[in-house]
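Here are a few exercises to work through with the model open beside you. Try each task before reading its solution.

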Amino acid sequence: MIKIAMIGVGCISGIYLENITNKFKEIELIGVCDLVRERAENAKEKYNVPKIYDTMYDAFADEEVDIILNLTRPYEHYEVTKAALLAGKHVYSEKPLAASLEEGIELKDLAEKNNLRLGGAPDTFLGAGIQTCRKLIDDGYIGTPIGASAFMICRGHETWHPDPEFYYKYGGGPMLDMGPYYITALINLLGGVSGVTGITKKSFDTRTITSQPFCGKVIDVDVETHVTGIMQFDNGAVGTIFTTFDAYSAPHSPIEIYGSKGTLLVPDPNCFGGPVKLFRPEDGQYREMPLVFDYAENSRALGLADMAKAIETGREARCDYTQTFHALEVMTSFEVSSREKKYIPMKSKYNRKAPMQNNPVKGILD
């Protein structure tokens with residue numbers, strides 16, 4: 001049994017706590033740590049977690065711990081992950097891997113040097129929706145992939161999130177916040193990206209929080225909040241992506257994949273399930289396709305469970321750093337391209353990992 005210590009017990013931690021303790025059968029949560037001790041105490045009581053660590057360094061020093069689960073805020077990912085790797089622990093981090101490419105390079109090199117596993121979210125692409133899409137593409141249902149489009153359009157998080165300021169600070173913005181879901185889905189459907197161009201901007205210098213408990217507080221915006229990009233995939237397909245915290249939009253298809261024989265509507269990559277729709281010219285309309293893989297429900301920590309199985313068996317983890325780092329390079333390169341007004345070739349390479357396999361026992365992976 002692979003043992004996990006959770007660092008950060010904020011908003012996203014609830015579904016991790018639920019799934020680690022009740023869904024996935026090959027991992028065990030043995031401790032939690034948060035700067036607000038009450039959060040750790042509540043998690044310990046509700047989910048019967050054995051330990052509370054006073055500091056993250058206490059978790060890193062615990063010889064029982066195999067993997068550090070880093071659920072801190074995005075700009076803290078680098079510091080926490082680096083310290084855990086230096087302590088000799090494998091690390092699974094919430095997205096993104098780091099807040100800058102330079103930080104990501106350092107973490108990648110540190111994991112390689114110390115022969116440690118490093119990976120992280122998003123793991124939604126392992127769910128029934130996108131795995132079904134991958135099978136349809138790989139089995140030729142849309143023919144040769146030609147292109148893709150992806151859209152994440154919203155007016156920001158300050159109307160609903162209890163503490164939204166970090167979304168507009170270093171490590172935030174729509175691309176590093178929501179882009180990981182979209183980029184990860186695209187590279188798992190189409191393969192690695194060879195180069196990008198982008199145009200980005202900051203539409204508003206300040207934002208006003210209207211949610212509680214900080215209603216009325218004015219936030220200075222430090223990051224680009226309107227990001228557009230074009231991706232050249234290794235297989236020749238061309239993709240576009242548009243992420244923004246600055247615009248209003250009605251519901252729309254989040255990802256479309258275009259092929260020589262048809263078009264595929266991919267479900268929301270922030271979710272594990274959702275409708276998969278295929279258009280073929282002989283049909284003349286979209287048909288909803290059955291989901292043929294497990295985990296259509298919210299299964300966050302699926303990637304963590306996959307990493308644990310990879311450690312035990314010696315196989316590749318499906319959410320390893322080759323994926324999270326490639327996604328980080330793609331995402332950060334849009335702003336570089338915009339600033340320098342040029343095409344940015346990718347230095348990292350990405351090869352898709354094995355597709356998911358259904359197991360008769362839910363919660364046990366191949």
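**Exercise 1.** What volume does the largest cavity have?

*Solution.* Keep in mind that this is a predicted model. Start with the count: the structure holds two cavities of 30 Å³ or more. The largest cavity has a volume of about 70 Å³, and the second largest cavity holds about 40 Å³ of space.

**Exercise 2.** Work out which helices contribute to the lining of the largest cavity, and what kinds of residue are found there.

*Solution.* Begin with the helices: α8 (179-190) and α10 (321-340) each supply at least two lining residues. The largest share, five residues, comes from α10. Next, pick out some of the lining residues, including Lys-95, Pro-180, Thr-184, Gln-323 and Met-331. Finally, sort the lining by class: eight residues are nonpolar, three polar and one charged.

**Exercise 3.** Describe the lining of the second largest cavity.

*Solution.* Its lining residues are Tyr-16, Glu-94, Ala-121, Pro-122, Asp-123, Thr-124, Tyr-181 and Arg-300. By class, four are nonpolar, one is polar and three are charged. Now look back at the largest cavity: Ala-121 and Pro-122 are among its lining residues too.

**Exercise 4.** Is α8 enclosed or exposed, and does its length fit its residue count? Check both against the model.

*Solution.* First, length: at 1.5 Å a residue, the twelve residues of α8 should span 16 Å, and its end C-alpha atoms are 16 Å apart, so the two agree. Second, burial: twelve of the twelve residues are buried, so α8 is largely enclosed by the rest of the structure. Last, step past the helix: Gly-191 follows α8 and has a positive phi, near 100°.

Definitions and conventions:
Residues are numbered from 1 along each chain as its sequence is written. This is a predicted model: local features need pLDDT of at least 70, side-chain atom pairs count only at pLDDT 80 or more; totals for chains, interfaces and linings use all residues. Side-chain values use heavy atoms; hydrogens and water are left out. On a 1 Å grid over the protein atoms alone, a cavity is a set of points where a 1.4 Å probe fits but cannot get out, and a pocket is an open set with protein on both sides within 12 Å along at least five of seven lines; lining residues have an atom within 4 Å of a point. Grid points are joined across faces, edges and corners, and a volume is the space filled by probe spheres set on the points. Helices (H or I, at least four residues) and strands (E, at least two) are DSSP runs, numbered from the N terminus. Ala, Val, Leu, Ile, Met, Phe, Trp, Tyr, Cys and Pro count as nonpolar, Asp, Glu, Lys and Arg as charged, and the others, Gly among them, as polar. The expected span of a helix is 1.5 Å times one less than its number of residues. Buried means under 20% relative accessible area, exposed over 50%, partly exposed in between (1.4 Å probe, protein chains only).
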